[in-house]
Amino acid sequence: MNSSRIAERVRRIKPSPSTSAADRASELRRQGRQIVSLVVGEPDFDTPAHIRHAAANAMEKGATRYTLMAGTVDLRRAIAAKLERENGLTYALYEIIATNGAKSAIYSAFAATLEPGDEVIIPAPYWVSYPDMTLACDGTPVFVPCDEAQGFKLTAAQLEAAITTRTRWLLINSPSNPTGASYTADEYRAIAGVLAKHPQVMVMTDDIYEHIRYDNVSAPHFLAVAPELRDRTLAINGVSKTYAMTGWRIGWIAGPSDLVEAINTLLSQSAGNCCSISQAAAVAALDGDQSFVGRSAAIYRQRRDATLPLINAIPGLSCRAPDGAFYLYVNCAGLIGKTTPDGKRLNVDGDCRDGLWALALLQASDRHSH
Ligand code: PLP
């Protein structure tokens, strides 16, 4: 993108690679090609029936108008109840704002808080959108490589070394896209210990995969372990992955009222409130029958357990069992330096892309409906 008609903030970012690849898969499908898309993190289940019915009822009852900017009272009550019930966190309604998905929540939080040059610590591997969202909001992404030997998780020592006077945010995504790694209470405690010394650093927890977990390891919320950081933490989540509701676009932010109010102001002059019908559906998701959540996680687990041995049996590839989320993050280090049958030398991981790198445990040939 070189056109001078385009703002510098857009020229410095690239289109989301997963969204572009998903668009391409849809286009090929539209042309009649049979495509199994393993591109985006999207449950292949249908949204549960009681949630769809709640949306239909909402439309029939006339919930088709603007809502309160921060989201309906019903939705924010349902979010507050969920945070209390599942995470042991207490938030008032004025500390919660509903957004167009977690993606918009993260972007708006950056837009409302980053000054040019402010740094955002992003433990790597990371969800592809974090750096570009940071750049689009004039921030500077600071990547901290967290390799497989350390379970793909940021250590307290690495965090200490990465913090500068310009650090504004630390991003925590647990379980992680793409590695599935999940932090323990002790690991959070160590991270919180470092943050205690650096009051300028705020924490954004991206909890979008919290319900997709495989081992019955207790996985507390960061704030349940470090409640003293509540005043500088934004807890971000949404219904997309937990309830197979990616298209409904409902996410949220819970946090200190000054930050939530600033984000509310920004959104009131940009996106506006999120879809009234989707908000009613999200209330049914959060308040209603939760059996879908465990059932879908069990199916992802079966797929993980079926796929892992197959990948690990391929010479040159290996894959650590993810703790959660629905991805396999495949290590292809054993292929580097090898040559393909058509003579291409594999120099870096990207060269192995035609084989595989991150596989979504999704879109299996069987389709489950709930
Ligand atoms: N955060 C992570 C780590 C994700 O992987 C995704 C989607 O892939 C999102 C946020 C976006 O979620 P939403 O659909 O709520 O915008």
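## Basis of the model

The structure is a predicted model, in which local features need pLDDT of at least 70, side-chain atom pairs count only at pLDDT 80 or more, and totals for chains, interfaces and linings use all residues. Residues are numbered from 1 along each chain as its sequence is written, and side-chain values use heavy atoms, with hydrogens and water left out.

Helices (H or I, at least four residues) and strands (E, at least two) are DSSP runs, numbered from the N terminus.

## Two helix contacts

Helix H4 (residues 73-87) and helix H11 (residues 276-287) have axes that come within 9 Å and cross at roughly 25 degrees. That makes H4 roughly parallel to H11. Axes are lines fitted to C-alpha atoms, for helices over the stretch in contact, and angles run from 0 to 180 degrees between N-to-C directions; angles under 35 degrees count as roughly parallel, over 145 as roughly antiparallel, 65 to 115 as roughly perpendicular and the rest as oblique. Contact means heavy atoms within 4.5 Å. In H4, Asp74, Leu75, Ala78, Ile79, Lys82 and Arg85 meet Gln279, Ala282, Val283, Leu286 and Asp287 in H11. By class, this contact of H4 with H11 has six nonpolar, one polar and four charged residues (Ala, Val, Leu, Ile, Met, Phe, Trp, Tyr, Cys and Pro count as nonpolar, Asp, Glu, Lys and Arg as charged, and the others, Gly among them, as polar).

The axes of helix H5 (residues 101-113) and helix H6 (residues 129-136) come within 9 Å, crossing at roughly 35 degrees. Lys103, Ile106, Tyr107 and Phe110 of H5 meet Ser129, Tyr130, Met133, Thr134 and Ala136 of H6. The contact of H5 with H6 has six nonpolar, two polar and one charged residues.

## Aromatic pairs

A search of the whole structure finds eleven aromatic pairs. Rings of Phe, Tyr and Trp (its six-membered ring) pair if their centres lie within 6.5 Å; planes under 30 degrees apart count as stacked, over 60 as edge-to-face and the rest as tilted. One of the pairs joins phenylalanine 45 and phenylalanine 292 edge-to-face, at 5.9 Å centre to centre and 90 degrees between the planes. Phenylalanine 45 lies in the loop between helix H2 (17-30) and helix H3 (49-60) and phenylalanine 292 in helix H12 (residues 291-312), so the pair ties together parts that are 247 residues apart in sequence. Both phenylalanine 45 and phenylalanine 292 are buried, a term for under 20% relative accessible area, with exposed over 50% and partly exposed in between (1.4 Å probe, protein chains only).

Tyrosine 183 and tyrosine 188 form a stacked pair, 5.5 Å centre to centre with 15 degrees between the planes. Tyrosine 183 and tyrosine 188 are buried. Elsewhere, Phe45, Tyr209, Phe292, Tyr300, Phe326 and Tyr327 form one aromatic cluster.

Most residues other than glycine have a negative phi, and most peptide bonds are trans. The bond from alanine 124 to proline 125 is cis, with omega near 5 degrees; proline 125 is in the loop between strand E2 (119-124) and H6. The bond from asparagine 177 to proline 178 is also cis, with omega near 20 degrees, and proline 178 lies in the loop between strand E4 (167-173) and H8.

Phenylalanine 152 has a positive phi near 60 degrees and lies in the loop between strand E3 (140-145) and helix H7 (156-162). Alanine 325 has a positive phi of about 60 degrees, and its relative accessibility of 0% counts as buried.
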